[in-house]
Amino acid sequence: MASSVLAPVQERGRAALEQLGLPNRRQEPWRLTDLKRLEAVSALPASSSPLPTSLPASLKGVTRMVINGFDDPLAGQVLPEGITALNAEELEQALGHTLDRCGCAQVWPVEFNHAKAQQILALRVRGRVGPLELVLAAGAGLNATRVLLLVEEKAELELMQVLLAEGASAHSHLLEVHLGQEAQLRHGVLATADGASSLMAHLAVEQEPRSSYSLTSVVQGWNLGRLEPRVVQVDGQAQTVLKGLAVTGADQQLATHTAVRFDGPEGELDQLQKCLAGGRSHAIFNGAINVPRDAQRTNAAQLSRNLLLSDRARVDTKPELEIVADDVRCAHGATVSQLQDDELFYLQSRGIAAAEATALLLRGACQEVIAQLPAAAQVWRPLERVMESLAS
Amino acid sequence: MIRPDAELLLDIQDLHASVEDKPILKGVNLQVRAGEVHAVMGRNGSGKSTLSKVLAGHPAYRVTGGTVRYRGQDLFELEPEERARLGVFLGFQYPVEIPGVSNLEFLRVSTNARREKQGEEELDTFAFEDHVHDKLKVVQMDPAFLERSVNEGFSGGEKKRNEILQMALLEPVVAILDETDSGLDIDALRIVAGGVNQLATEDNATLLITHYQRLLDEITPDYVHVMAAGRILRTGGRELALELEQTGYDWVDQELAAQGAA
């Protein structure tokens with residue numbers, strides 16, 4: 001069923017890729033990207049086996065779904081009350097709508113996913129639904145996965161997405177979410193790998209008035225990583241919260257490109273993006289905020305805080321505010337720093353050894369974001385994973 | 001309380017120190033015995049804050065001469081954390097904000113580091129909560145501050161209370177309080193000073209670094225030292241602080257000029 005809907009999309013995607021070719025550095029969104037790595041990802045064969053690692057048991061009360069891009073995601077799955085799968089007709093109607101509203105339907109990572117994804121998980125959420133966990137576990141090769149969520153008016157959902165990979169594998173993930181009026185989605189993303197795999201995750205979210213969307217993302221350990229949350233408040237008057245933590249080490253490159261557009265008045269955004277870059281790694285943050293003429297009384301705040309953990313690590317951070325409306329509040333700030341001597345000395349002067357003080361400060365820096373993940377994240381030990389990667 | 005036979009806790013001899021190769025301390029001599037309260041006064045730039053940071057081991061300050069013995073041991077052989085575990089405490093003029101690190105967890109880790117050194121058992125999360133709630137009374141602090149990040153978003157007064165709370169938990173042998181009175185209104189000053197007074201015993205000592213007499217209205221010092229140009233220029237009893245309040249620091253310039261001429 002799903003594949004019949006996706007077949008024309010795939011065809012269009014392939015045609016688009018052929019026309020676009022690989023991105024190049026003259027294109028602003030790819031200016032800093034290691035294109036050799038991107039080329040390697042694009043050449044990976046489709047994965048046909050799941051990740052061999054066993055998964056930890058999910059938290060009690062959480063419904064887990066595991067998708068891999070080649071098995072039918074709904075086979076053998078009992079959906080929690082309030083969640084139903086879309087039929088082919090509904091899917092055809094909904095597919096791509098949010099991508100168009102977010103203005104990202106034709107960008108390279110989305111066309112790449114269009115060309116590659118064979119399966120789609122498309123769900124409708126009504127009422128207040130118990131927490132859902134979506135595990136994307138990539139085996140060797142390219143894992144192209146696509147998810148569409150229609151969160152109906154006044155519905156409430158807590159969604160924890162976990163993306164795992166090891167070795168020569170990559171994720172191309174595309175998520176479309178439509179939030180109806182007064183709907184609430186608390187969304188967590190934990191994307192963690194062993195330093196060899198790559199990640200391209202595109203999250204497109206469309207918000208009706210008085211809806212609330214809160215994304216907490218924790219991304220760590222990708223050879224080449226690209227996380228792109230794009231949110232549009234279609235008539236303003238909605239609330240968006242974006243909290244991101246990007247951790248890089250060795251020679252990894254991780255880019256976070258966020259874009260929020262207010263297509264109506266009185267929208268709110270609260271955004272914090274943190275990067276911790278060690279080794280010879282490169283962390284990139286691009287935060288676009290678009291406030292057109294109709295978006296009066298928008299209240300947006302964006303803060304980018306970056307910590308360089310080695311002399312050879314690099315951070316590029318760029319706010320991109322486009323504000324046309326005149327009666328708005330848009331605050332933004334960016335800092336790049338190293339661990340502060342004063343903070344270390346303060347802890348040492350209280351009897352805490354230098355190494356332990358450093359660990360405590362790094363934990364603190366990460367915890368500010370990690371603590372915001374939905375409860376279902378616990379079983380994945382996100383803080384421990386990040387701390388282990390920082391220690392190595 | 002002055003007892004000539006009390007243990008000599010801190011013995012500073014001809015101490016010289018620099019920051020970024022600029023000499024700041026130029027021969028400080030000071031002896032502190034158990035039970036004593038010392039006040040070190042002086043203008044900005046006289047070296048009094050540098051003295052406190054050197055004693056605690058701040059990495060930006062370099063000791064270029066002299067000795068400091070703490071209970072007979074060479075203080076400069078010890079890392080900052082080791083000094084703290086052995087009972088040297090610095091109350092910061094500007095306590096550092098540490099986002100994401102819970103105040104309660106920070107206080108527990110540091111308290112246990114000190115307890116371990118004293119041969120006391122480590123306190124687990126539950127035991128520590130009881131312990132810390134007892135100590136909150138010393139500075140009349142709202143328990144809500146335990147749940148927040150270390151000093152983050154605390155007012156000036158709350159930060160200083162948090163410093164004295166740490167002092168209450170760590171039970172230092174020598175407490176050096178660097179301008180603990182700065183930025184406090186009179187009520188906050190009384191609470192903080194009250195905390196310091198409650199913690200003073202005949203076995204420990206307090207070194208108050210301050211600009212103003214007003215702190216000394218609340219905490220009575222046994223000795224008052226006036227620092228200028230990186231040295232202690234004059235030492236007296238509490239009447240010296242009152243005299244300073246009356247006459248200001250102009251005599252310091254005259255005395256320095258006279259010494260320069262000599």
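The charged end of A:Arg226 sits over the ring of A:Trp30, 3.6 Å from the ring centre. In chain B, the charged end of B:Arg234 sits over the ring of B:Trp251, 4.0 Å from its centre. A charge counts as sitting over a ring if NZ of Lys or CZ of Arg is within 6 Å of the ring centre and within 35 degrees of the ring normal.

This is a predicted model: local features need pLDDT of at least 70, side-chain atom pairs count only at pLDDT 80 or more, and totals for chains, interfaces and linings use all residues. Residues are numbered from 1 along each chain as its sequence is written, chains are lettered from A and ligands numbered from 1 in the order in which they are written, and side-chain values use heavy atoms, with hydrogens and water left out.

**Aromatic pairs**

- The whole structure holds 6 aromatic pairs over all chains. Rings of Phe, Tyr and Trp (its six-membered ring) pair if their centres lie within 6.5 Å; planes under 30 degrees apart count as stacked, over 60 as edge-to-face and the rest as tilted.
- One of them is A:Tyr346 with B:Phe92, edge-to-face at 4.8 Å centre to centre and 85° between the planes.
- This pair joins two chains, because A:Tyr346 lies in helix H6 (residues 341–348) of chain A and B:Phe92 in the loop between strands E6 (88–91) and E7 (98–102) of chain B. Helices (H or I, at least four residues) and strands (E, at least two) are DSSP runs, numbered from the N terminus.
- A:Tyr346 is buried at 0% relative accessible area, and B:Phe92 is buried at 8%. Buried means under 20% relative accessible area, exposed over 50%, partly exposed in between (1.4 Å probe, protein chains only).
- B:Phe145 and B:Phe154 have ring centres 4.9 Å apart and planes at 65°, so this pair is edge-to-face.
- Ring pairs link A:Phe345, A:Tyr346, B:Phe92 and B:Phe106 into a cluster.

**Helix packing in chain A**

- The axes of H2 (residues 35–42) and H5 (residues 108–116) come within 12 Å and cross at roughly 15°. Axes are lines fitted to C-alpha atoms, for helices over the stretch in contact, with angles from 0 to 180 degrees between N-to-C directions.
- H2(A) is therefore roughly parallel to H5(A). Angles under 35 degrees count as roughly parallel, over 145 as roughly antiparallel, 65 to 115 as roughly perpendicular and the rest as oblique.
- A:Leu38, A:Val41 and A:Ser42 in H2(A) meet A:Trp108, A:Phe112 and A:Lys116 in H5(A). Contact means heavy atoms within 4.5 Å.
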